[in-house]
Amino acid sequence: MKTKQTIAILGATGNMGSAIAKSLAKGNNRLLLFATRQQRLQTLISGIQSETPNADVEAYDCPTSASWEADVIVLAVPYSAENEIASKIKDVANQKIVISIANPLNDHYNGLVTASDTSAAEELQKLLPNSRVIKAFNTVLAADFTTPVIAGMQVDAFIAGNNTQALESVSELVRTTGLNPIIAGDLSVSRTLEQMTLLLIQLNMKNNYNWLAGWKILHN
Ligand SMILES: NC(=O)c1ccc[n+]([C@@H]2O[C@H](COP(=O)([O-])OP(=O)(O)OC[C@H]3O[C@@H](n4cnc5c(N)ncnc54)[C@H](OP(=O)(O)O)[C@@H]3O)[C@@H](O)[C@H]2O)c1
């Protein structure tokens, strides 16, 4: 059995944070969950424990404390909150893997607020220069975690980053969620991955996919 990983999820009660927490609780992971609303967090933890009785989950009311013992930190907050959260975890996130799941969508869902020569992940790396920022889970919709196989096909989950070991580690984490990890390239590939999700969201709204949709690379 693989060594137990300690994973902090910041913004754990949100759509993505809770979906990732429920999914990762099923694997050999210790979860440190931070949320601003403690009652909601307790409800989430009770739900996880009834679904996965041997889940190893703890509640935190501070992102710094939640990240202190973590091997991996998942930032499940909106892009607009990343600056604030990054400043709180900077000192405890040194050398750690920090997963950027953000899609920096504008208010109209018709573009990104980031410039074309950067991405949410690259901006996070600038805020956390001593951490290993990895883009992951951003191309996956929250509902895909409960249904990682859609229309008979396993949803692909693209990963980007600059550190080979961290990419492998996050691939393994993705695999435990039932999604199919694909390492897409270095951190700058996040620009494409964030645009891909913008398109997926637009297609979802246009074609009524009911927020259950994902990307699949067909290959031989
Ligand atoms: N939803 C999706 O299917 C999806 C798919 C791929 C990627 N993403 C990305 O995932 C991230 C989260 O999206 P979401 O849909 O899960 O949003 P959400 O449901 O609104 O959840 C966001 C969470 O962040 C917390 N939060 C917001 N501002 C905060 C702050 N300043 N300090 C601490 N916590 C804060 C919120 O806590 P409170 O409610 O207590 O304020 C909430 O729990 C976004 O970056 C989004 O682009 C979402």
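Predicted model: local features only at pLDDT ≥ 70, side-chain atom pairs only at ≥ 80, totals over all residues.
Colleague: Take Ser18. Is Ser18 buried or exposed?

Modeller: A residue is buried if 20 or more other C-beta atoms lie within 10 Å of its own, exposed if 12 or fewer, and partly exposed in between; C-beta atoms are placed from the backbone. Ser18 lies in helix H1. Ser18 counts as buried because it has 24 C-beta neighbours inside 10 Å.

Colleague: What is Ser18 in contact with, beyond its neighbours within four places in sequence?

Modeller: Two residues are in contact if their C-beta atoms, placed from the backbone, lie within 7 Å. By that test, Ser18 is in contact with Ala12, Thr13 and Leu44, leaving aside neighbours within four places in sequence.

Colleague: Now the sheet. In what order do the strands stand?

Modeller: Two strands pair if DSSP finds at least two bridges between them. Here 8 strands form an open sheet, in the order E3-E2-E1-E4-E5-E6-E9-E10, with mixed pairing. Strand E3 (56-60) and strand E10 (180-185) stand at the edges. Each has a single partner strand, so one side of each is left without a neighbour in the sheet.

Colleague: How many bridges join strand E1 to strand E4?

Modeller: E1 (residues 5-10) and E4 (residues 72-75) run parallel, joined by 4 bridges. Ala8 stands opposite Ile73 in E4, and Leu10 stands opposite Leu75. E4 is also joined to E5 by 4 bridges, again in parallel. There, Val74 has Ile99 of E5 as its bridge partner. E5 then pairs with E6 in the parallel sense over 4 bridges, and Ile97 stands opposite Arg132 in E6.

Colleague: Which way do the residues of E4 point?

Modeller: Val72 and Val74 point one way, Ile73 and Leu75 the other way. All are buried. In E6, Arg132 and Ile134 point one way, Val133 and Lys135 the other way, and all are buried too.

Colleague: Which residues have the most contacts inside the largest nonpolar core?

Modeller: In soluble globular proteins, nonpolar side chains tend to be buried together. A nonpolar core is a set of buried Ala, Val, Leu, Ile, Met, Phe, Trp, Tyr and Cys residues joined through C-beta atoms within 7 Å. The largest one here has 65 residues. Those with the most contacts inside it are Ile9, Leu10, Leu33, Ile73, Val74, Leu75 and Ile99. Not counting residues up to four places away in sequence, Leu10 touches several residues, including Phe34, Pro63, Ile73, Leu75 and Ile85.

Colleague: Why is helix H5 largely enclosed by the rest of the structure?

Modeller: H5 is largely enclosed because 6 of its 8 residues are buried. These are Ala120, Ala121, Glu122, Glu123, Leu124 and Gln125. What covers them includes E4, H4, E5, E6, E9 and H7.

Colleague: What is the phi of Tyr109?

Modeller: Most residues other than glycine have a negative phi. Tyr109 has a positive phi of about 60°, although it is not a glycine. Tyr109 lies in the loop between strand E5 (97-100) and helix H5 (120-127). Tyr109 counts as exposed, with 12 C-beta neighbours inside 10 Å. Asn210 also has a positive phi, near 60°. Asn210 lies in the segment after H7 and is exposed, with 8 other C-beta atoms within 10 Å.

Methods: Residues numbered from 1 in each chain as written. Helix = DSSP H or I, 4+ residues; strand = E, 2+ residues; numbered from the N terminus.
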